[in-house]
Amino acid sequence: YTAQAFVVRCFDDRFWKVFKSFLRDKGLVHIDPESVAGGAKIFASPEKEGDRDFMLRELEKSIRLHHTDRVMLFTHYDCGAYGGLARFDGDEEKQFAFHREELKKAATSVHGKFPDLAVETYFIDKTGIVPVR
């Protein structure tokens with residue numbers, strides 16, 4: 001068995017349909033999914049350092065057991081784990097700028113441990129999924 005990607009997203013169900021559709025459109029059928037509060041937050045700004053270490057171990061197992069060579073990291077609009085849209089005083093642009101930086105931190109964290117992996121970052125917005133570079 002080979003996983004096409006190790007995918008980390010928030011467990012918030014509001015964006016489940018768009019997320020599943022996105023994966024289908026990308027041709028991803030076999031993934032190693034992880035759903036945790038805040039999604040990529042676990043790599044960027046974990047509540048406890050052990051949380052990041054745990055998820056890095058999960059990723060290591062995915063690589064070892066399922067030959068994973070791609071990681072997809074997601075955060076989303078109005079995420080409660082980050083304080084929701086209220087944290088940004090309702091300013092969606094400020095929220096997106098913050099999440100862009102968080103996703104960069106998350107990718108850096110993954111690359112720090114697994115420099116050869118392809119890491120993709122995405123923000124799930126009200127209207128769809130935005131690649132973040």
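**Exercise 1. Find out how the side chains of Asp78 and Arg14 meet, and which parts of the chain they tie together.**

Step 1. Start with the contact: Asp78 and Arg14 form a salt bridge, with N to O at 3.1 Å. The term stands for a side-chain nitrogen of Lys or Arg within 4 Å of a carboxyl oxygen of Asp or Glu.

Step 2. Asp78 sits in the loop between β3 (70-76) and α4 (92-113), and Arg14 in the loop between β1 (5-9) and α1 (16-25), so the pair links parts that are 64 residues apart in sequence. Helices (H or I, at least four residues) and strands (E, at least two) are DSSP runs, numbered from the N terminus.

Step 3. Check the surroundings. Asp78 is partly exposed at 26% relative accessible area, and Arg14 is partly exposed at 48%. Here buried means under 20% relative accessible area, exposed over 50%, and partly exposed in between (1.4 Å probe, protein chains only).

A note before you go on: this is a predicted model, where local features need pLDDT of at least 70 and side-chain atom pairs count only at pLDDT 80 or more, while totals for chains, interfaces and linings use all residues. Residues are numbered from 1 along each chain as its sequence is written, and side-chain values use heavy atoms, leaving out hydrogens and water.

**Exercise 2. Decide how many disulfides the structure holds, and look at Cys10 and Cys79.**

Step 1. The count is 0 disulfides, a disulfide being a pair of cysteine sulfur atoms within 2.5 Å.

Step 2. Cys10 is in no disulfide, and its nearest cysteine sulfur, that of Cys79, is 4.1 Å away. Cys79 is likewise in no disulfide, with the sulfur of Cys10 as its nearest.

Step 3. Finish with accessibility: Cys10 is buried at 7%, and Cys79 is buried at 3%.
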